[in-house]
Each structure stands twice: as structure tokens, then as C-alpha cells.
Amino acid sequence: MSFLFSSCSSKTFKLKKNIPEGSHQYELLKHAEATLGSENLRQAVMLPEGEDLNEWIAVNTVDFFNQINMLYGTITEFCTEASCPVMSAGPRYEYHWADGTNIKKPIKCSAPKYIDYLMTWVQDQLDDETLFPSKIGVPFPKNFMSVAKTILKRLFRVYGHIYHQHFDSVMQLQEEAHLNTSFKHFIFFDQEFNLIDRCELAPLQELIETFGSKDR
């Protein structure tokens with residue numbers, strides 16, 4: 001029996017979401033990149049002293065979207081309607097798409113279609129200035145944390161699909177170190193701020209525990 005996650009409540013690759021140069025969020029992104037270079041990921045995900053939590057989560061959410069966009073973009077030729085007729089992360093975890101607006105009832109679709117829906121939906125959220133304000137002084141909405149959690153929960157599913165269905169292709173491309181570093185950064189960020197329910201992380205729980213034990 002498949003363990004189904006509905007939305008819990010193609011290969012068209014999205015434009016990279018850019019944070020405007022000169023903005024405070026751009027400076028935060030540069031700070032994040034600098035601390036990542038130190039190779040201490042636990043330290044890199046921590047909220048910099050004196051900074052706004054919402055803004056930190058917003059900057060990192062954009063960064064994870066860009067990372068996953070790029071990682072999935074390298075294996076799209078292997079992720080097709082024929083090879084991946086359902087969106088899954090191993091045999092026990094299958095995902096059906098719904099965004100609550102255009103598609104209210106969860107639909108079963110192929111992995112490339114699901115990921116296209118997902119990345120389009122995330123891009124729309126990131127581009128919405130009422131949700132992700134880029135101007136100084138514009139407050140984040142009251143529901144910001146809820147939206148960010150949903151985005152990160154859904155982005156996790158792309159990691160899950162890549163690891164379970166396409167890791168051989170990732171190894172052929174010699175990208176496993178890049179994938180592992182990106183996912184480890186993602187998971188440490190989630191753990192630092194408790195953003196994704198544990199049940200959602202189950203498809204990669206063993207890998208997550210391995211990262212944690214190596215980091216101690």
C-alpha cells in the first residue's frame with residue numbers, strides 16, 4: 001500500500017529568483033554564502049545576531065529554491081513521463097499535487113509534471129511582494145511562516161525524488177557531493193528552525209540521521 005501525501009491541508013525550468021543587489025536581503029545572502037564557505041553548516045544556518053527571523057527564512061528559502069532548481073535541471077532528461085509516471089520518493093511515498101487555488105483536489109501526475117507544478121507554484125509565492133517583500137520597511141505578512149513552511153515541505157519532495165529515483169544518474173554526472181551538501185544545508189536549516197514536520201521527512205530519514213551523526 002502506498003503511503004500517500006496529498007498536499008497536506010515538464011521540464012520548463014523556472015527563472016532563477018534573484019534577490020536585488022544592494023538590498024538588505026542581498027547582504028544577508030552574502031553573509032549566508034560566506035558562512036557556508038566555512039564548512040560549518042550548523043553555524044551557517046543560525047540566525048545572524050540582530051537580524052529578523054522572517055527575513056532570514058525568506059532569503060534562505062529563495063536560495064534553496066535556486067539550488068533545487070539547478071540540481072533538478074541537471075537530471076531532467078532522466079526524469080520523464082515514461083521513467084517516472086508518478087511522483088514518488090521510493091515505493092512507500094507517493095505525492096499527489098494540489099495548490100489549493102487552481103487545483104483544489106489532489107491529482108495524481110508524473111514526477112516531471114508534479115515538479116513543474118511545484119516549481120511554478122513556488123516561483124509565484126516568491127514573486128508575490130505581499131508574501132516575500134523585498135523593500136526595506138515593508139513588513140512580512142502574519143501568515144509568512146506558514147507559507148515558508150509549505151514551500152520548504154514541498155521542495156523537500158524534490159530532494160526525495162532525486163535521491164530515490166535518480167541517484168544513479170547523479171553519480172554518473174559526478175554531482176553527488178553537490179547534492180549531499182545542498183541537502184545537508186537544507187536539513188540543518190530545517191532543524192534549526194523546526195520548519196518541516198518529521199512525518200514529511202520520513203522518505204530520507206536514514207540519510208538525515210547519517211548527516212547528523214557525522215556532524216557530531
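**View 1. Helix 3 and helix 5 cross with left-handed geometry.** In this predicted model, the two helices pack at an angle of about 25 degrees, and their axes lie 10 Å apart. Because angles under 35 degrees count as roughly parallel, helix 3 is described as roughly parallel to helix 5. On the side of helix 3, the residues that meet helix 5 are L53, N54, I57, A58, T61, F64, F65, Q67, I68, L71 and Y72. Their partners in helix 5 are F144, M145, A148, I151, L152, L155, V158, Y159 and I162. Sorted by class, this contact contains 17 nonpolar and three polar residues, with no charged residues.

**View 2. Helix 5 also packs against helix 6.** Helix 5 covers residues 144–172, and helix 6 covers residues 176–193. The angle between them is about 160 degrees, with the axes 11 Å apart. Since angles over 145 degrees count as roughly antiparallel, helix 5 is roughly antiparallel to helix 6. Helix 5 passes helix 6 in a left-handed crossing. Helix 5 contributes L152, L155, F156, Y159, I162, Y163, F167, V170 and M171 to the contact. From helix 6 come E176, L179, N180, S182, F183 and F186. By class, twelve residues of this contact are nonpolar, two are polar and one is charged.

**View 3. V122 is a residue of helix 4, which spans residues 111–127.** The relative accessibility of V122 is 0%, and V122 therefore counts as buried. Residues up to four places away in sequence being left out, V122 touches F65, I151 and L155. F65 belongs to the helix 3 side of the contact shown in View 1, while I151 and L155 belong to the helix 5 side. V122 may also be compared with V62: the two are 60 residues apart in sequence, and their C-alpha atoms are 9.3 Å apart in space.

**View 4. Four residues carry a "binding site" annotation in UniProt.** The unreviewed UniProt entry lists C79, C84, H161 and H166 under this heading. These residues are spread over 88 residues of sequence, yet they cluster in space, the largest C-alpha distance being 9.9 Å. C79 is located in the loop between helix 3 (53–73) and strand 2 (87–88). The loop between helix 3 and strand 2 also holds C84.

**View 5. The surroundings of C84 include other residues of the annotated site.** Apart from neighbours within four places in sequence, C84 is in contact with C79, S110, A111, P112, H161 and H166. Is C84 buried or exposed? Buried means under 20% relative accessible area, so C84, at 4% relative accessibility, counts as buried. C79 likewise counts as buried because its relative accessibility is 0%.

**View 6. The whole protein places these close-up views in context.** The protein has eight helices and three strands. Read from the N terminus on, its elements follow the order β-α-α-α-β-β-α-α-α-α-α. Of the 216 residues in the protein, 49% are buried.

Key:
Residues numbered from 1 in each chain as written. Predicted model: local features only at pLDDT ≥ 70, side-chain atom pairs only at ≥ 80, totals over all residues. Heavy atoms only, no water. Axes fitted to C-alpha atoms, helices over the stretch in contact; angles between N-to-C directions. Helix = DSSP H or I, 4+ residues; strand = E, 2+ residues; numbered from the N terminus. Parallel < 35°, antiparallel > 145°, perpendicular 65-115°, else oblique. Left-handed = near helix turned anticlockwise from the far one by under 90°. Contact = heavy atoms within 4.5 Å. Nonpolar A, V, L, I, M, F, W, Y, C, P; charged D, E, K, R; others polar. UniProt positions renumbered as here; feature names shortened; annotations may be inferred. Buried < 20%, exposed > 50% of the residue type's maximum accessible area, 1.4 Å probe, protein only.
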